[in-house]
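Here is a short briefing for a first look. Keep the sequence and the model side by side as you read.

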Amino acid sequence: MTREELLMTAIKAALKGGEEILAVYESEFAVEQKEDRTPLTQADKNAHLAIAKLLEKTALPVLSEEGKQTAYETRKSWKQFWMVDPLDGTREFVKRNGEFTVNIALIENGEATMGVIYVPVTEELYFSDMAIGAFKCNSNPSTQHPSLITLIAKSNKLPLKQDRKNFVVVGSRSHMSPETEAYMNEQKTIHAEVDMLSKGSSLKLCMVAEGSADSYPRFAPTMEWDTAAGQAIAVASGAEVINWETKKRMQYNKENLLNTWFLVARN
């Protein structure tokens with residue numbers, strides 16, 4: 001497949017996953033608990049199955065939060081594969097606040113090079129490839145599956161133009177650590193006006209990608225599938241996602257899929 005075909009397949013998979021999620025969202029659904037005590041719903045499972053089925057057409061391996069986990073001995077040799085979070089922000093889904101997403105990323109030699117994030121409730125679509133940049137489509141991309149050229153024509157390239165002078169840090173309503181508070185206080189000594197923007201799921205990375213926020217410090221646990229698609233989009237928009245320990249760009253397909261602390265920031 002060409003890169004355009006890979007990206008369009010990932011977009012179609014994300015839209016289909018979104019359809020499955022909304023079908024459950026609009027019903028009286030049950031909430032289970034996984035071994036790590038995180039919530040799980042039928043929407044997570046249905047979206048995973050729908051996405052995996054469409055991604056099969058690419059003949060690339062799929063590593064999904066809700067799929068059977070492949071041993072590192074096998075996946076360490078993968079040069080290209082899909083990293084998927086079928087429903088990122090299950091807590092937001094359960095709260096019914098709309099701030100949950102479908103995340104699909106193409107990982108190539110440890111780098112997140114292509115990303116798709118779809119917000120089912122608002123029908124906003126973020127997508128990127130290192131060869132073309134990052135884009136946001138607000139005009140109901142699920143009505144048709146156009147060509148990439150057609151989709152780009154009705155999308156806005158990221159970052160979007162901003163008319164603000166304040167420094168905006170994006171954070172989470174659910175994950176506010178003392179280290180994040182310290183980071184906020186440090187920014188207040190540098191910038192005249194510092195504000196916080198609260199968002200759920202991978203939308204936090206999207207806010208930096210589109211320029212609505214200047215940075216997103218994450219000094220709390222996340223998994224690779226939580227951030228891969230957002231990183232691809234942020235980097236393609238001109239931002240960086242930096243491993244807090246190494247000060248280098250975050251890498252993927254590690255033996256332990258738990259992320260280190262990181263900082264997303266515009267250059």
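Asn109 sits in the loop that links strand 5 to strand 6. This is a predicted model.

**Backbone features in loops**

- Most residues other than glycine have a negative phi, and most peptide bonds are trans.
- Asn109 is not a glycine, yet its phi is positive, near 50 degrees.
- Asn109 has 57% relative accessibility, so it counts as exposed; the cut-off for exposed is over 50%.
- Lys247 also is not a glycine, and its phi is positive at about 65 degrees. Lys247 belongs to the loop between strand 13 and strand 14.
- The peptide bond that runs from Leu158 to Pro159 is cis. Its omega is near 5 degrees. Pro159 is placed in the loop between strand 9 (156-157) and strand 10.

**Helix 1 against helix 2**

- Two packed helices are described by the angle between their axes and the distance between the axes.
- Helix 1 covers residues 3-25 and helix 2 covers residues 42-55. Their axes come within 8 Å. They cross at roughly 155 degrees.
- Angles over 145 degrees count as roughly antiparallel, and helix 1 and helix 2 are therefore roughly antiparallel to each other.
- The crossing of the two helices is right-handed.
- On the helix 1 side, the contact is made by Thr9, Ala10, Lys12, Ala13, Lys16, Gly17, Glu20, Ile21 and Val24. Helix 2 contributes Gln42, Ala43, Asn46, Ala47, Ala50, Ile51, Leu54 and Leu55.
- Sorted by class, this contact of helix 1 with helix 2 has 10 nonpolar, four polar and three charged residues.

**Ala43, a residue of helix 2**

- Ala43 is found in helix 2. Its relative accessibility is 0%, so Ala43 counts as buried.
- Ala43 and Glu20 are 23 residues apart along the chain. Their C-alpha atoms are separated by 6.4 Å.
- Beyond its neighbours within four places in sequence, Ala43 is in contact with Ile21, Val24, Leu87 and Phe93.

**Gly98, a buried loop residue**

- Gly98 lies in the loop between helix 4 (90-95) and strand 5. At 9% relative accessibility, Gly98 counts as buried.
- Leaving out residues up to four places away in sequence, Gly98 touches Tyr25, Glu92, Val119 and Val121.
- Gly98 and Thr122 are 24 residues apart in sequence. From C-alpha to C-alpha, the two are 7.6 Å apart in space.

**Nonpolar cores**

- The largest nonpolar core has 35 residues. Met83, Ile107, Tyr126 and Val264 have the most contacts inside it.
- Several strands each supply at least two residues of this core: strand 4 (80-88), strand 5 (101-108), strand 6 (111-119), strand 10 (167-171), strand 13 (239-243) and strand 14 (262-266). Helix 7 (203-210) and helix 8 (224-236) each supply at least two residues as well.
- Which residues does Met83 touch, not counting residues up to four places away in sequence? They are Leu63, Asn103, Ile104, Ala105, Ile107, Glu224, Trp225, Ala228 and Tyr252.
- A second, separate core has 34 residues. Ile11, Leu55, Phe100 and Phe127 are among them.

Key:
Residues are numbered from 1 along each chain as its sequence is written. This is a predicted model: local features need pLDDT of at least 70, side-chain atom pairs count only at pLDDT 80 or more; totals for chains, interfaces and linings use all residues. Side-chain values use heavy atoms; hydrogens and water are left out. Axes are lines fitted to C-alpha atoms, for helices over the stretch in contact, and angles run from 0 to 180 degrees between N-to-C directions. Helices (H or I, at least four residues) and strands (E, at least two) are DSSP runs, numbered from the N terminus. Angles under 35 degrees count as roughly parallel, over 145 as roughly antiparallel, 65 to 115 as roughly perpendicular and the rest as oblique. A crossing is left-handed if the near helix is turned anticlockwise from the far one by less than a right angle, and right-handed if clockwise. Contact means heavy atoms within 4.5 Å. Ala, Val, Leu, Ile, Met, Phe, Trp, Tyr, Cys and Pro count as nonpolar, Asp, Glu, Lys and Arg as charged, and the others, Gly among them, as polar. A nonpolar core is a set of buried Ala, Val, Leu, Ile, Met, Phe, Trp, Tyr and Cys residues joined through side-chain atoms within 4.5 Å. Buried means under 20% relative accessible area, exposed over 50%, partly exposed in between (1.4 Å probe, protein chains only).
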